[in-house]
There are 2 protein chains.
Amino acid sequence: MKFVAEALNLTPPAAERLGERNILKNALIKHPFFGDVIEAYKLEKKFGEYEEGTLIAKTKHGLEVVRGYPKIRRALTLYPTIKRRFSGEVALEEKMNGYNARIALLGENIYGITRRGYICPYTTEKARELIDIAFFHDHPDLMLCCEAVGEESPFVPKATYGVKLEFYVFDIREKRSNRPLSIREKERLCQEYSLNMAPILDVVEVEIAHEIAFEVVKKLGEEGREGIVFKDVEMKKEPIKYTSSQSNCGDLRYAFRYFNDYGRDFMFSRIVREGFQSFELKENEREFRERCLRLGMSILQPMVESIREVAEGKKITEKTRLSFSSMETLKLFKEHVRRMGIEAVFGDIEEKDGKYVVTFERMMVSTTDKIKGHLKGGLW
Amino acid sequence: MKFVAEALNLTPPAAERLGERNILKNALIKHPFFGDVIEAYKLEKKFGEYEEGTLIAKTKHGLEVVRGYPKIRRALTLYPTIKRRFSGEVALEEKMNGYNARIALLGENIYGITRRGYICPYTTEKARELIDIAFFHDHPDLMLCCEAVGEESPFVPKATYGVKLEFYVFDIREKRSNRPLSIREKERLCQEYSLNMAPILDVVEVEIAHEIAFEVVKKLGEEGREGIVFKDVEMKKEPIKYTSSQSNCGDLRYAFRYFNDYGRDFMFSRIVREGFQSFELKENEREFRERCLRLGMSILQPMVESIREVAEGKKITEKTRLSFSSMETLKLFKEHVRRMGIEAVFGDIEEKDGKYVVTFERMMVSTTDKIKGHLKGGLW
């Protein structure tokens, strides 16, 4: 792991701390598929200036660092938050609902790296197929920060966007320094290399941004879309996110279906968002009751459904269909999932249009067992 | 603290462990009001067979141990839980909504001990006024396990029961061993010494207990009451509790008013109860929507109200009116509250019917600050 200290330019005492603390984890499955990468580690938590999820790789051509994607913080009320945090023009970008994927060149190949810093075989295969490598030949020091969305997503499957799996670029950054390009530069490069972009819905003066944003978020919510990210057009300030009630409730619907596998903080934070949004929108009695009913149903419907399924002898699972271009990637993905600590069952492989199609079923063991226990007479 | 080891009959290694671990805390404010008690400690957590909240006291007349009240576990579905856990006849006792108070004799005086094992000056004053000391003269080894309920409760103020503050006995136990008396013996003693009892609503065969219980809980809920505790009539088995939807939602209403001062597990557990209850009751569409709306409103109404109050410049507090018989007790109670780590403001003292009446206002600092921060533009 000595190359990690070298790659991060650590002083000897810092290198020692890195070794002592349990913050490095292997991020790579060794296999010819991964080409020139010899070894790769990821940061399990923030270390100095390096974000959690930072990837450090040793390739045949030298050392590489791909910085972790920084956490985007959230406004609970849009006013005065947006006005206080930005100045001049602010872009309202759609926050799409998928999983965070950084796409970068390591050595001579493209890699797809998930939020936590794993090199994911599925994401890598798709990135190699969908992203024009010319971008990286011309800009080897940049990474594409994308939302990977679609129905065939192993992590956040959604039919909302009408695609199987696509990458939507929301930031282009220097992979080594994490410096983001301005929105204009990002747009220019995406256009030049035909990359999908998370839509920029509007660019407005900060003074009126919160008013416009409410309209935009309301409309997005009605279409089942997630929300927006406010960005300084020059990307000199920290972006801020804000989500629709439908998205908050959608998250709750998901979390309460798997209520014992999910963090309580996850649920709590989404509930609190609804309170602040309702307050800021100064809702009338009817709107407020609608929100309360929507919240209550997002919580109880999935939970009762899960209890009913277990009572009928079923297991609680999340089922997705994935398409692989090679059996090799599928095999590597199975290994990857196992390493991530996900308990999953893969179905029979079907060949279709030159792809290997397989169901990927995550077993929600904790929720299943918890419900089963209570239904048999177990006490809380 | 040597007397503690002696009182608990600890072996020398166990006594040593007791000293090493941080599980003893002073439970007494030294003052003539507390009469014969020289020193008292409480267990901060379970230690061997001794429950959390166990009180160990040194009095002029010898050592005393008052066992902590055991945690009563909860059924999430009544069938098959009740049938599986009991046999023969089971009593359905009303679970009242107040705070747990053990009343016991230490030396020659009566003391009121709260759940966590503190000798509470307010509870002690009330116990001395309301409980006939003849009970303890005849039965010095017994303790009265009571729900302290009413409007003038410093911890759980409720108008539901139409009383200022009263003690309702739900268990009579040997204070040293925690052995409970049978329900019949408890009833006999309560009658003999004119003690209020938590109502026994029914005594039924275990086979039909769940059916009867649903009717009973439904009715209790409609009256704003909490729920029931199932008890083996001989008290040979662990009691089990079950609560009404209105009580679960009432708890949520309270917790979300003070959402940043309250534990997330507290909220989560109450939400999960609603899911299991809805499932077991096989609710129709209309009933289910009503439950969802009730749940949603219990969460959002108090939260939005708190946000609105902070936006208007108010602080989030819980205000209760308490009556003290002596200025001494009031002074001691202030000290007690401070030791418990509760931030509170006491109002001006009014003399009324020979009592000292004062408002006791708990400051919910964390919730107030959290809301204030977000309303000023702070991020999550």
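**Chain A–chain B interface and selected features of chain B**

Across the interface of chain B and chain A, the rule finds two salt bridges. The model is predicted. The contact involves 51 residues from chain B and 51 residues from chain A, and the area buried between the chains is about 4700 Å².

**Interface**

- Carbon and sulfur atoms give 77% of the area buried between chain B and chain A.
- On the chain B side, the residues that lose the most area to chain A are B:F268, B:L379 and B:W380, together 18% of what that side buries.
- A salt bridge links the side chains of A:R264 and B:D265, with an N to O distance of 3.1 Å.
- The copies meet through the same surface, because 100% of the interface residues of chain B are also interface residues in chain A.

**Relation of the two copies**

**Residue B:V304**

- B:V304 lies in helix α10 of chain B, which spans residues 285-311.
- B:V304 counts as buried because its relative accessibility is 4%, and the cut-off for buried is under 20%.
- Apart from its neighbours within four places in sequence, B:V304 is in contact with A:G275, A:S278, A:F279 and A:F288.
- Within chain B, the C-alpha atoms of B:V304 and B:R257 are separated by 8.2 Å, and the two residues are 47 residues apart along the chain.

**Sheet of chain B**

- Four strands of chain B form an open sheet in the order β1-β2-β3-β4, with antiparallel pairing.
- Strands β1 (24-26) and β4 (62-66) of chain B stand at the edges; each has a single partner strand, so one side of each is left without a neighbour in the sheet.
- Neighbouring strands of this sheet are turned against each other by 25 degrees on average, direction ignored.
- Strand β3 of chain B (residues 55-59) is joined to β4(B) by five bridges, and the two run antiparallel.
- In β4(B), B:V66 is the residue that stands opposite B:L55.
- Strands of a sheet pair through backbone hydrogen bonds, in either a parallel or an antiparallel way.

Technical notes:
Residues are numbered from 1 along each chain as its sequence is written. Chains are lettered from A and ligands numbered from 1 in the order in which they are written. This is a predicted model: local features need pLDDT of at least 70, side-chain atom pairs count only at pLDDT 80 or more; totals for chains, interfaces and linings use all residues. Side-chain values use heavy atoms; hydrogens and water are left out. Buried means under 20% relative accessible area, exposed over 50%, partly exposed in between (1.4 Å probe, protein chains only). Contact means heavy atoms within 4.5 Å. Two strands pair if DSSP finds at least two bridges between them. Axes are lines fitted to C-alpha atoms, for helices over the stretch in contact, and angles run from 0 to 180 degrees between N-to-C directions. Buried area is the accessible area (1.4 Å probe) that two parts lose on being put together, summed over both. A salt bridge is a side-chain nitrogen of Lys or Arg within 4 Å of a carboxyl oxygen of Asp or Glu.
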